[in-house]
Amino acid sequence: MSINMIKFLLLSPSFFIFYPSVVISQTTPSSDGSHGRWDLLSESVGISAMHMQLMHDNKVVIYDRTDFGPSNTSLPGGLCRADPYDDALKIDCTAHSILYDTITDTYRPLMIQTDTWCSSGAVLPNGTQVQTGGFHDGDNVTRMFTPCTNDSCDWVEFPKYLSRRRWYATNQILPDGRIIIIGGRREFNYEFFPRSSPRRTFQLSFLRETREGDVENNLYPFVHLLPDGNLFIFANTRSILFDYNQNRVVREFPSIPGGDPRNYPSTGSSVLLPLDENEYRIDPEVLVCGGAPSGAFQLAARGTFVRATPTCGRLRVTDQNASWVKETMPIPRAMGDMLLLPTGDVIVINGVQLGTAGWELGRLPATRPVIYHPSHPSDQRFSVMAPSPRPRMYHSAAILLADGRVLVGGGNPHVYYNFTNVVYPTDLSLETISPPYLSTDYASVRPVILSVDETISRGQRFLVSFFVEEYLTQSVLSVRIVAPSFTTHSFSMNQRMVVLKIDDIIYDDTSSYTSSVFGPSSAEIAPPGYYMLFVVHSGIPSSGVWVRIQ
């Protein structure tokens with residue numbers, strides 16, 4: 001691998017482009033705007049959206065896997081992938097990755113050479129996506145995708161870049177712009193990208209301790225970067241505060257109540273709740289929801305599908321005697337995705353009510369999303385949304401878009417693509433749900449961003465100008481940044497929201513305002529890179545605009 005190539009990909013700026021493949025958009029007739037509205041964007045984009053990453057040009061990199069036969073979209077110009085190690089096809093002329101444009105609802109195929117099944121990812125400060133690991137010939141590969149201004153940009157692969165096989169691992173962007181890659185199947189260790197010279201792997205015995213026999217229940221550990229620079233790591237039922245610089249467990253928290261595993265294949269999900277710079281002291285809180293009881297995987301393999309876990313645990317990690325607060329969802333759920341919405345609420349979407357993750361091991365799709373309101377009274381925190389007409393089960397994914405919608409795709413509970421004679425066919429479609437805040441009923445109080453500084457420095461003032469027809473008061477106004485997540489297997493890696501500190505608001509003219517806002521106070525609060533910036537007024541967000549934190 002060329003060091004100069006790595007430096008180029010790490011440091012070069014990212015650009016934008018629109019692509020010509022047409023996608024038809026259709027609104028679901030039964031949608032209810034007051035409980036969210038579902039819209040079908042495309043019946044088929046040719047692949048199943050197993051992994052998704054929103055880029056700062058409002059395009060989404062989507063991919064599934066290379067080792068289960070042809071997809072339903074061809075590579076361009078007669079291009080084919082030759083892989084003598086592939087289990088399904090040695091020569092494959094179909095795509096297993098696409099670039100989807102959320103502005104034009106178009107897409108184009110991308111070329112992946114090695115298997116990306118159950119891999120992980122993150123975005124570097126310059127906007128390049130780094131994708132790590134996978135299966136078979138892809139398990140120690142690093143791949144990069146940098147947006148461009150023409151149709152030439154595609155995946156660049158670096159074989160054998162990783163020290164260990166990274167299958168079901170988790171990535172987290174760090175304050176210095178590096179990526180930490182944690183775990184993977186039978187990998188009780190972590191490493192960094194870019195790798196050190198000589199390359200090093202660091203042991204993490206916590207991952208070995210939380211493994212539950214051959215079922216494991218600790219894959220894709222939940223990892224969150226905390227304001228003190230340490231990592232919160234959750235696996236199975238246990239969690240630790242971890243100093244990755246010193247390879248040291250700072251403290252271990254109590255086990256989550258109930259004893260149900262929350263990681264793959266029991267597969268719940270987790271978010272770091274918004275970090276508010278307006279508070280005197282930021283006390284980060286972690287929310288973990290859903291999962292499946294211990295033994296659910298083995299029972300499902302024998303045809304018995306037990307009820308998924310209906311509970312959430314909420315933990316304030318800075319408390320001296322930190323303990324989980326148990327909450328109960330309206331719907332039990334395994335394989336649910338959890339996403340931070342611009343309002344600071346959390347949508348829990350996709351998944352099943354019976355069974356667990358794995359081939360054919362889920363039943364009773366959880367088609368109704370729920371929204372969790374962290375600041376509401378404890379008995380009023382969940383609201384149930386309108387159901388999707390499509391089951392989104394194993395190998396589905398969801399991400400937040402800059403316009404406030406949630407993009408949903410995927411669903412393939414089979415070893416191969418299977419569209420007939422099965423209970424839950426492989427799903428190649430993409431759809432969105434528009435949360436209630438996007439209802440036209442709120443048009444008069446919805447902010448519209450007019451201008452904002454494109455680059456924001458830590459702790460420095462910058463200006464946001466916006467229009468709102470019926471401005472109420474500064475007490476219901478906030479400016480928030482949201483990091484775009486890499487989503488797969490019900491965990492959105494690198495997702496975080498920071499509520500920025502407002503210094504002043506100036507009335508410009510009729511319904512136009514300029515807010516003086518401080519950039520995030522540290523790289524531990526907001527690592528460098530691209531974020532979506534939203535103005536939220538009376539609980540109603542603007543569309544987001546992209547800014548770069550440096």
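# Cavities, disulfides and a hairpin

The largest cavity holds about 150 Å³ of space; a cavity here is a set of points, on a 1 Å grid over the protein atoms alone, where a 1.4 Å probe fits but cannot get out. This is a predicted model, in which local features need pLDDT of at least 70 and side-chain atom pairs count only at pLDDT 80 or more, while totals for chains, interfaces and linings use all residues. Residues are numbered from 1 along each chain as its sequence is written, and side-chain values use heavy atoms, with hydrogens and water left out.

**Cavities**

- The count comes to nine cavities of 30 Å³ or more, where grid points are joined across faces, edges and corners and a volume is the space filled by probe spheres set on the points.
- The largest cavity is lined by 13 residues, and the closest to its centre are Val123, Ile173, Ala483, Pro484 and Tyr530; a lining residue has an atom within 4 Å of a point.
- Strands E10 and E45 (529-537) each supply at least two residues of this lining, and the largest share, three residues, comes from E45. Strands (E, at least two residues) are DSSP runs, numbered from the N terminus.
- By class, the lining of the largest cavity has 10 nonpolar residues, three polar and no charged. Ala, Val, Leu, Ile, Met, Phe, Trp, Tyr, Cys and Pro count as nonpolar, Asp, Glu, Lys and Arg as charged, and the others, Gly among them, as polar.
- The second largest cavity has about 60 Å³ of space, and its lining includes Arg185, Arg186, Glu187, Arg211 and Glu216.
- For that second largest cavity, the lining divides into five charged, four nonpolar and three polar residues.

**Disulfides**

- A search of the whole structure finds three disulfides, each a pair of cysteine sulfur atoms within 2.5 Å.
- With bonded cysteines counted along the chain, the pattern is 1-2, 3-4, 5-6.
- Cys80 and Cys93 are joined with an S to S distance of 1.8 Å, and their link is right-handed, with 90° about the S-S bond. Cys80 lies in the loop between strands E5 (59-63) and E6 (81-82) and Cys93 in the loop between strands E7 (91-92) and E8 (97-101), so the pair ties together parts that are 13 residues apart in sequence.
- Cys80, at 32% relative accessibility, and Cys93, at 35%, are both partly exposed, the class between buried (under 20% relative accessible area) and exposed (over 50%), with a 1.4 Å probe and protein chains only.
- Cys148 and Cys153 form a disulfide with sulfur atoms 2.1 Å apart. The torsion about their S-S bond is about -65°, so this disulfide is left-handed, and both cysteines are buried.
- Cys289 and Cys312 also form a disulfide, with sulfur atoms 2.1 Å apart, and theirs is right-handed with 110° about the S-S bond. The pair links distant parts of the chain, from Cys289 in strand E24 (residues 285-289) to Cys312 in strand E25 (residues 311-316), 23 residues apart.
- Cys289 is buried at 4% relative accessible area, and Cys312 is buried at 1%.

- Strand E10 (residues 120-123) pairs with strand E11 (residues 129-132) in the antiparallel sense over four bridges; two strands pair if DSSP finds at least two bridges between them.
- Which residue of E11 is the bridge partner of Ser120? That partner is Thr132.
- Five residues lie between E10 and E11 in this hairpin, and Gly127 in the turn has a positive phi of about 100°.

Notes: On a 1 Å grid over the protein atoms alone, a cavity is a set of points where a 1.4 Å probe fits but cannot get out, and a pocket is an open set with protein on both sides within 12 Å along at least five of seven lines; lining residues have an atom within 4 Å of a point.
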